[in-house]
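Thanks for coming. I will go through one model today, starting with its open space and then moving to the fold around it. Please have a look at it first.

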Amino acid sequence: MRLSTVILPIDRWHEEGRRKWRHAEELGFHAAYTYDHLSWRAFRDGPWFGAVPTLTAAAAVTERLRLGTLVTSPNFRHPVTLAKDLITLDDVSGGRITLGIGAGGNGFDATALGQEAWTPRERADRFGEFVSLLDRLLTEDAVTERGTFYAADEARNIPGCVQRPRLPFAVAATGPRGMRLAARYGQGWVTTGDPKLYEDGTPEQSVAALAGQIEKLSKACVEAGRDVADLDKILLTGFTPDRNRPLESVDAFVDFAGRHRELGFTEIVVHWPIPDSDFAADQAVFESIATEALARLG
């Protein structure tokens, strides 16, 4: 079991941002991720910085910490330009980047470029094409491809990633098409749980739903000729019925992490505390969890 954190890109770098990313490494987190949005929910009217520049800056002030997105989506990205950014990030960080990637949704990102929000079917169609083209762009020196939604014309990506054959993908998915993408292209799989349970569900129902998701992932891996054990299974917390209760104490987190480790999860991701938000938590308790919880899990 590994423990990681998400640091939302809401702080000016030279005021608080740099300190948080450095401190994440000092606390011993496996990875620190950030959201790749143009704006997000209750934070829309406040500071919100870009994911790629933030991760580049974080790479420059850390040495061991893995870095990445949870998650990038096609909402406002194109595989050709994203591939160039990712290769650069992987180089600057010395091979410490993980790309969390998902299909996107109907939030602010979906219409910020002036387009109509895509239907669920179109999101799934675009996601499949996006991931497959991005895989090629990160593993081949030159790529030409014509798809329904995305194209590349002799796109050059030399020298490629530091990590070989490319940096790892952690594919966010709950439906069958996304699971198949995770099984085919992913080195990891990401979930936030079952969104239908967030308001009125119980922790027990959430555990059962997550067990069902892992079962679907296992079937997709069998169909793809892969062993599901080869994929990291990453739970981004804060969106299950437990909400922020696992961060109330070290004991609460150990209980939560233990139940989810039994399901097969290999990485738990917690949000860096943000006062007066859905991610509010006691900073001292959060830091105790970071430094003590995994040892308590055994």
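Let me start with the lining of the largest pocket, where α4 supplies the largest share, five residues. Helices here are DSSP runs of H or I with at least four residues, strands are runs of E with at least two, and both are numbered from the N terminus. A word on provenance: this is a predicted model, in which local features need pLDDT of at least 70 and side-chain atom pairs count only at pLDDT 80 or more, while totals for chains, interfaces and linings use all residues. Residues are numbered from 1 along each chain as its sequence is written, and side-chain values use heavy atoms, with hydrogens and water left out.

Back to the pocket. The search runs on a 1 Å grid over the protein atoms alone: a pocket is an open set of points with protein on both sides within 12 Å along at least five of seven lines, a cavity is a set where a 1.4 Å probe fits but cannot get out, and lining residues have an atom within 4 Å of a point. Points are joined across faces, edges and corners, and a volume is the space filled by probe spheres set on them. By that count the largest pocket holds about 1300 Å³ of space. It is lined by 42 residues, and the closest to its centre are Arg-41, Val-71, Gly-104, Gly-105 and Thr-192. At least two lining residues come from each of β3 (66-72), α4 (120-139), α5 (176-185) and β8 (188-191). By class the lining has 20 nonpolar, 16 polar and six charged residues. The classes are Ala, Val, Leu, Ile, Met, Phe, Trp, Tyr, Cys and Pro as nonpolar, Asp, Glu, Lys and Arg as charged, and the others, Gly among them, as polar.

Now the sheet. Eight strands close into a parallel barrel, in the order β1-β2-β3-β4-β7-β8-β9-β10; two strands pair if DSSP finds at least two bridges between them. Neighbouring strands are turned by 25 degrees against each other on average, direction ignored. Axes are lines fitted to C-alpha atoms, for helices over the stretch in contact, and angles run from 0 to 180 degrees between N-to-C directions.

Take β7 (residues 169-172) as a local example. Three bridges join this strand to β8, and three join β4 (residues 97-101) to β7. Ala-170 of β7 stands opposite Gly-100 and has Gly-188 as its bridge partner in β8. Ala-172 is partnered by Val-190 in β8.

Which strands does helix α7 (residues 250-263) lie across? They are β1 (2-6), β9 and β10 (267-271), and the helix runs at about 140 degrees to β10.

Some backbone details. Most residues other than glycine have a negative phi, and most peptide bonds are trans. Arg-243, in the loop between β9 and α7, has a positive phi near 50 degrees. Ile-158 and Pro-159 are joined by a cis peptide bond with omega about 15 degrees. The bond from Arg-164 to Pro-165 is also cis, with omega near 0 degrees. Pro-159 is in the loop between β6 (151-156) and β7, and Pro-165 lies in the loop between β6 and β7 as well.

Last, the rings. There are eleven aromatic pairs, counting rings of Phe, Tyr and Trp (its six-membered ring) with centres within 6.5 Å; planes under 30 degrees apart are stacked, over 60 edge-to-face and the rest tilted. Trp-40 and Phe-279 have ring centres 6.1 Å apart and planes at 10 degrees, so this pair is stacked.

Conventions
Contact means heavy atoms within 4.5 Å.
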